[in-house]
Amino acid sequence: AFKQPEPFDKNWQRYCPHKPFPPYRHIPSVTPHPIRDPLGHSYGIEEEHDPELLPPEFWRQNEDYLYGVDLYNFAYWWEAHEAWEGLWHQAEDTYRLFLQGLIQVSASLIKYHMRMLRPLRTLSTAGRDKLRQVVVECDDAAGNYMGINLPAFLNTADAFFAPFFHDTVPETIYRQESVKPL
């Protein structure tokens with residue numbers, strides 16, 4: 001039977017708590033496509049977005065970004081990637097690179113859930129590489145960008161993804177509970 005992805009920490013803080021989560025987490029080829037399928041959780045729903053892109057320094061007021069963070073942290077990885085993609089289309093430079101990195105890491109977690117090693121490896125590497133570049137490009141000496149301590153996040157993400165790059169990946173690796181890339 002199909003199992004929905006589970007959050008790494010269901011008690012994690014929410015940043016946009018007034019926006020409810022969708023009724024299910026979309027997994028491609030398993031659940032109804034949220035937007036295209038009439039049974040999808042967001043079919044026919046016109047979402048409200050900020051009329052113009054807020055600059056990165058106003059991340060605390062950026063509901064689309066914060067809701068994406070909530071979706072990601074609570075294992076709505078496809079939905080997080082969608083939330084950030086709308087911003088990514090408008091963003092430029094480091095901001096765009098940052099969002100693309102988050103989108104790729106989020107997409108890699110869908111592949112993790114689906115036990116698809118090759119795309120997990122490709123997407124997680126591409127996403128983490130972009131986030132490393134943001135650390136180099138951002139003005140903050142500690143590597144903080146839009147509320148995320150990127151060096152700390154990357155250390156955790158690197159530790160989480162490392163076992164998936166071995167020649168064999170036993171099922172027990174998928175059940176690791178110690179490393180949580182939140």
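I began by noting how helices are compared: axes are lines fitted to C-alpha atoms, for helices over the stretch in contact, and angles run from 0 to 180 degrees between N-to-C directions. I also noted that helices (H or I, at least four residues) and strands (E, at least two) are DSSP runs, numbered from the N terminus.

Before going further, I wrote down that this is a predicted model, in which local features need pLDDT of at least 70 and side-chain atom pairs count only at pLDDT 80 or more, while totals for chains, interfaces and linings use all residues. Residues are numbered from 1 along each chain as its sequence is written, and side-chain values use heavy atoms, with hydrogens and water left out.

**Entry 1: helix 2 and helix 3**

I looked up how helix 2 (residues 77-90) packs with helix 3, and I found an angle of about 160°, with the axes 9 Å apart. That makes helix 2 roughly antiparallel to helix 3, a term used for angles over 145 degrees, while those under 35 count as roughly parallel, 65 to 115 as roughly perpendicular and the rest as oblique. For the contact (heavy atoms within 4.5 Å), I listed residues from both sides, including W77, W84 and W88 of helix 2 and L99, I103 and I110 of helix 3.

**Entry 2: along helix 3**

D93 is found in helix 3, and I noted its positive phi of about 55°, although D93 is not a glycine. D93 counts as exposed because its relative accessibility is 66%.

S108 lies in helix 3, which covers residues 93-114, and S108 is buried, with a relative accessible area of 0%. What does the side chain of S108 reach? I found the backbone oxygen of V105 at 2.6 Å, which I checked against the rule for a polar contact: a pair of N or O atoms within 3.5 Å, where within protein one must be able to donate a hydrogen and the other to accept it, and residues adjacent in sequence count only if both atoms are side-chain atoms. Leaving aside neighbours within four places in sequence, S108 is in contact with L120, L123, S124 and F161.

M114, also in helix 3, is partly exposed at a relative accessible area of 24%. With neighbours within four places in sequence left aside, M114 is in contact with I27 and P28.

**Entry 3: helix 1**

Why is helix 1 (residues 63-73) described as largely enclosed by the rest of the structure? The reason is that 10 of its 11 residues are buried, among them Y65, L66 and D70. I traced what these buried residues pack against, and found helix 2, helix 3, strand 1, strand 2 and helix 5 (150-161).

Helix 1 is followed by A75, whose phi is positive, near 70°.

**Entry 4: a loop residue and the cysteines**

M146 sits in the loop between strand 1 (144-145) and strand 2 (148-149), and its phi is near 50°, a positive value in a residue other than glycine. M146 counts as buried, at 5% relative accessibility.

Finally, I looked for disulfides (pairs of cysteine sulfur atoms within 2.5 Å), and the structure holds 0 of them. C16 is buried at 1% relative accessible area, and C138 counts as buried at 11%.

Terms used
Buried < 20%, exposed > 50% of the residue type's maximum accessible area, 1.4 Å probe, protein only.
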